[in-house]
Amino acid sequence: MDDVKWIPFKVLEDFMEGVLVKLGVPQVDAKIVSEVLIAADKQGIDSHGIGRFKPIYVDRIKQGILNPITKIDVLKDNMATAVIDANNGFGHVAGVYAMNMAIEKAKKYGISMVSVKNSSHYGIAGYYVQMAADSGLIGMTGTNARPSIAPTFGVENMLGTNPLTIGIPTDEEFDFILDCATSTTQRGKIEKYARDEKELPLGWVIDNDGNSETDPKLVLDQLTKGYAALTPLGGVGEDNGGYKGYGYATVVEILSSSLHLGPFMHSLTGMDENNNPTPYRLGHFFLAIDVEHFIELDLFKKHTGDILRNLRGSKKAPGHDRIYTAGEKEYLEMLERKDKGAPIGPVIQKQMYELINEHKIELKEE
Ligand SMILES: NC(=O)c1ccc[n+]([C@@H]2O[C@H](COP(=O)([O-])OP(=O)(O)OC[C@H]3O[C@@H](n4cnc5c(N)ncnc54)[C@H](O)[C@@H]3O)[C@@H](O)[C@H]2O)c1
């Protein structure tokens, strides 16, 4: 597309960091937030990178529902577990803090879990499990989110897209990073379809009568009003196992909320009873398992790599010449984009120009 520009990652990252600092975010936190967001663009996860910068973070700071200063309070700290309060600050800052804490605890006790309350959207869950894998640990995280998914046999959007994300270190160039929502698709992808003016595939979204909705702009509006719902992983009904996605989304909702009695489902709309914007007060959880407490890390990595190589080497389906394992496509995309940067379409270009002018940001062209 002619109207798409490839912009170097450093330029995009500096832009986000610069705007955040102007909005009162401490420099060190602005760096963390921009780094998590740009990590998405680097890996081709365009639904969760710079495209989310204005609507999900900048606008929410301006609405007063996202605190630019992320004050972390450690409410409980009991050997292998902790509960922290992010005080409606950035989910990315709380996420990095919590995963570092989980890694440190797991190195000491073998396994650990940190629960986070009063947080906000933390971006790609894969960033945090990659932190664990980079340290030679198995990492796991999940978060609740605005209500989107209807339960099996229901049409009302109840559960968030609730990613259940696991990272495992391997002896390969890329780790095993399974990072996805527990719905067939997630809001960021629908936003991308809306920006690209493309119809949604059938089966991603249902209306209150249970019929597929395919207009992304209509869907985004109807999701906030409760007139549309995303289908759980596996789709509508029981035939394709939709109840499994529904079950996993429920697990994530429980683990993100019940360990600190945080709000859940319809309390996470970001609106109060008078339809005024209010902090989302999301919950996340972070688990780390230190491989060395079980077996030498090198042996584990090789063994895990063998499992993945076996899978990729297995017999291919007609019409397919390649089998992937989780984390591989993002790694390949990272290599592909390394010297090119991210493809930025007209909607995001416009948002960038407006923010650059508003906040008088000076960008160094690479
Ligand atoms: N913070 C939030 O509230 C929130 C909510 C939902 C999703 N998300 C994020 O959105 C991002 C995208 O989520 P999604 O549900 O659209 O993910 P997706 O459907 O694009 O799936 C991505 C995962 O599937 C793997 N994968 C893709 N094709 C594969 C293949 N052919 N074989 C094997 N593995 C394959 C990838 O390596 C990756 O682990 C994730 O980073 C997720 O964390 C965040």
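Helices and strands are here DSSP runs, numbered from the N terminus. On this basis Asn 88 of the predicted model falls in the loop between strand S3 (81–85) and H4. Asn 88 has a phi near 60 degrees, a positive value in a residue other than glycine. The residue is buried, because 22 other C-beta atoms lie within 10 Å, and the threshold for burial is 20 or more. A positive phi, of about 50 degrees, also occurs at Lys 360, which is not a glycine. Lys 360 belongs to the segment after H11 and counts as exposed, because it has 8 C-beta neighbours inside 10 Å.

The protein is divided into domain 1 (1–62 + 343–366), domain 2 (69–183 + 238–326) and domain 3 (185–230). Between the C-alpha centres of domain 1 and domain 3 there is a separation of 25 Å. Seven residues from domain 1 and seven residues from domain 3 take part in the contact. On the side of domain 1 that touches domain 3, one residue is nonpolar, four are polar and two are charged.

Helix H1 comprises residues 9–22, 14 residues in total, and extends 20 Å from its first C-alpha to its last, close to the 20 Å expected at 1.5 Å a residue. Its buried residues are Phe 9, Leu 12, Phe 15, Met 16, Glu 17, Val 19 and Leu 20. An α-helix has 3.6 residues a turn, so residues three or four places apart point the same way. After H1 comes Gly 24, with a positive phi near 100 degrees.

In soluble globular proteins, nonpolar side chains tend to be buried together. The largest nonpolar core of this model contains 86 residues, of which Val 33, Ala 98, Met 99, Ala 102, Val 114, Ala 132 and Phe 286 touch the most other members. Helix H4 (residues 91–109) supplies the largest share of this core, nine residues. Beyond its neighbours within four places in sequence, Ala 132 is in contact with Met 99, Ile 103, Leu 137, Ile 138, Gly 139, Gly 167 and Ala 288. A second, separate core of five residues includes Phe 264, Leu 268, Tyr 280 and Leu 282.

His 284 is located in strand S10 (residues 282–290) and counts as buried, because 31 C-beta neighbours lie inside 10 Å. Leaving aside neighbours within four places in sequence, the contacts of His 284 include Gly 91, Gly 95 and Ala 98, together with Thr 141, Gly 142 and Thr 143. The C-alpha atoms of His 284 and Leu 255 are separated by 7.7 Å, although the two residues are 29 residues apart along the chain.

Thr 182 is situated in the loop between S7 and H6 and counts as buried, because it has 27 C-beta neighbours inside 10 Å. Thr 182 and Pro 232 are 50 residues apart in sequence, yet 6.2 Å apart in space, C-alpha to C-alpha. Not counting residues up to four places away in sequence, Thr 182 touches Pro 232 and Leu 233, and its other contacts include Thr 161, Asn 162, Pro 163 and Leu 164.

Definitions and conventions:
Residues are numbered from 1 along each chain as its sequence is written. This is a predicted model: local features need pLDDT of at least 70, side-chain atom pairs count only at pLDDT 80 or more; totals for chains, interfaces and linings use all residues. Helices (H or I, at least four residues) and strands (E, at least two) are DSSP runs, numbered from the N terminus. The expected span of a helix is 1.5 Å times one less than its number of residues. A residue is buried if 20 or more other C-beta atoms lie within 10 Å of its own, exposed if 12 or fewer, and partly exposed in between; C-beta atoms are placed from the backbone. Domain bounds come from an automatic or database domain assignment. Two residues are in contact if their C-beta atoms, placed from the backbone, lie within 7 Å. Ala, Val, Leu, Ile, Met, Phe, Trp, Tyr, Cys and Pro count as nonpolar, Asp, Glu, Lys and Arg as charged, and the others, Gly among them, as polar. A nonpolar core is a set of buried Ala, Val, Leu, Ile, Met, Phe, Trp, Tyr and Cys residues joined through C-beta atoms within 7 Å.
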